[in-house]
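Trainee: Could you go through this one with me, a piece at a time?
Mentor: Gladly, ask away.

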Amino acid sequence: MEKMEKKPFVTLGQLQEIEKTYPTPYHIYDEKGFVENARNVNKAFSWNKGFREYFAVKATPNPFIIKRLKEEGIGVDCSSYTELMIAEKLGFRNDEIMFSSNETPAGEFQYCNKLGGIINLDDITMIDFMEEECGIPETVCCRYNPGGVYEVCNGIMDNPGEAKYGMTPNQIRDAFRILKDKGVKHFGIHAFLASNTVTNEYYPMLARDIFELAVSLKKELDVHIAFVNLSGGVGIAYRPEQTPNDIFAIGEGVRKVYEEILVPEGMDDVAIYTEMGRFMMGPYGALVTKAVHEKHIYKEYIGVDACAVNLMRPAMYGAYHHITVMGKEDAPCNHIYDIVGSLCENNDKFAVDRKLPKIERGDFLVIHDTGAHGFAMGYNYNGRLKSAELLLKEDGSVELIRRAETPEDYFATFDFSDIMK
């Protein structure tokens, strides 16, 4: 059987050079890769005059990366006060900002409205809350949840009926009616019905459902549907045997449904928005770590200097991330290892029973596809500190875009007291 492998965007020589300045572990991002990807997303939907991708800040909340995406015309999807702060500091304003929150704390709608951003209401009960916070904006979006399960041609993809997000079909109609009476002029519809789909069919199927809803709402309530937000859900090929999504096929699929459903209804002014995080950045980040220990008991373990603090997805979801042992790409995968970190939790494992080449202390391991929901999900259990983030620039140089945490950072929240001085 042919060996399935992913090729890292960094070489062993580059990692050895980087180590002279920045010790492992660290996340590194491929500027050339994610910029080209952003341009392809814009090209794939260029048929729609109002198209905008709103990068999901939660996926990779690093201002250096978001600033670079802004240069490519990308907006931001924010979900918290601090994410709005990043948007403001980087100069995003008005319809460059989408605010998609849930169980929203006081003050956040007000902040978004001050920046001119678009508020995406998760629930009908949030209308009064928003009005108390900031009044009623002229443009409001509502999040839709049809309930049940959501299937694509290759089987069940997700279960919206079990999700806490969005409004039922009856609720979204009532919400539009209430908002219209309160003075809203322009409406958006948002839906996120399946996560990390590795199929070109998801967005076109989702678009059909939302477009049909948009036509129904326009006819029933005589409202202007300004945009449809397909949100995220376009996934990446974490496993080497998977076929990556084709964003051009996806864009063309949405175009066909748009022309079939919206154009005949005179709704050819509806803008298409997306809010991708994983697809935009996932493959263009990697966690670089080194083998520091080995253990031979009932299983074979390789201990690395990274842990779930640096990448939580395997511990939280049992998620697969491909691993390359640098310099041994062509060596036979004739050893079975658990690749583990240092936390006092048995789920602190980057790989379980993974076939890999023989690993020795000092080997560099590249853990693939950590560019989204990687560093961002980090935490400080066991007092472990978050790593640095580096940017591999298009010219081949490396830039520090977030320094590693220090013990002083960890203890900074005790600054009100002398206990740790």
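Trainee: Phe-99 and Phe-109, buried or exposed?
Mentor: Phe-99 and Phe-109 are both buried, where buried means under 20% relative accessible area with a 1.4 Å probe and protein chains only. Bear in mind that this is a predicted model, in which local features need pLDDT of at least 70 and side-chain atom pairs count only at pLDDT 80 or more, while totals for chains, interfaces and linings use all residues. Residues are numbered from 1 along each chain as its sequence is written, and side-chain values use heavy atoms, with hydrogens and water left out.

Trainee: How many aromatic pairs are there?
Mentor: The count comes to 13 aromatic pairs, taking rings of Phe, Tyr and Trp (its six-membered ring) as paired if their centres lie within 6.5 Å, with planes under 30 degrees apart counted as stacked, over 60 as edge-to-face and the rest as tilted. The ring centres of Phe-99 and Phe-109 are 6.1 Å apart and the planes stand at 85 degrees, so this pair is edge-to-face. It links distant parts of the chain, since Phe-99 sits in strand 4 and Phe-109 in helix 5, 10 residues apart; helices (H or I, at least four residues) and strands (E, at least two) are DSSP runs numbered from the N terminus.

Trainee: And which way do the strand 4 side chains point?
Mentor: Ile-97 and Phe-99 point one way, Met-98 and Ser-100 the other way, and all are buried.

Trainee: What does strand 4 pair with?
Mentor: Strand 4 runs parallel to strand 3 (residues 75–78), joined by 3 bridges, and parallel to strand 5 (residues 118–121), also by 3 bridges; strands pair if DSSP finds at least two bridges between them. Val-76 has Ile-97 as its bridge partner, and Met-98 stands opposite Ile-118.

Trainee: Which hand does the unit with helix 5 have?
Mentor: Strand 4, helix 5 (residues 108–115) and strand 5 make a right-handed β-α-β unit, meaning that, with the strands pointing away from the viewer, the path from the first strand over the helix to the second runs clockwise.

Trainee: Changing topic, what lines the largest cavity?
Mentor: The lining includes Arg-143, Tyr-144, Phe-192 and Leu-193, and the volume of this cavity is about 40 Å³. A cavity is a set of points on a 1 Å grid over the protein atoms alone where a 1.4 Å probe fits but cannot get out, and lining residues have an atom within 4 Å of a point; the volume is the space filled by probe spheres set on the points, which are joined across faces, edges and corners.

Methods:
Buried < 20%, exposed > 50% of the residue type's maximum accessible area, 1.4 Å probe, protein only. 1 Å grid on protein atoms, 1.4 Å probe; cavity = no way out; pocket = protein on both sides within 12 Å on 5 of 7 lines; lining within 4 Å.
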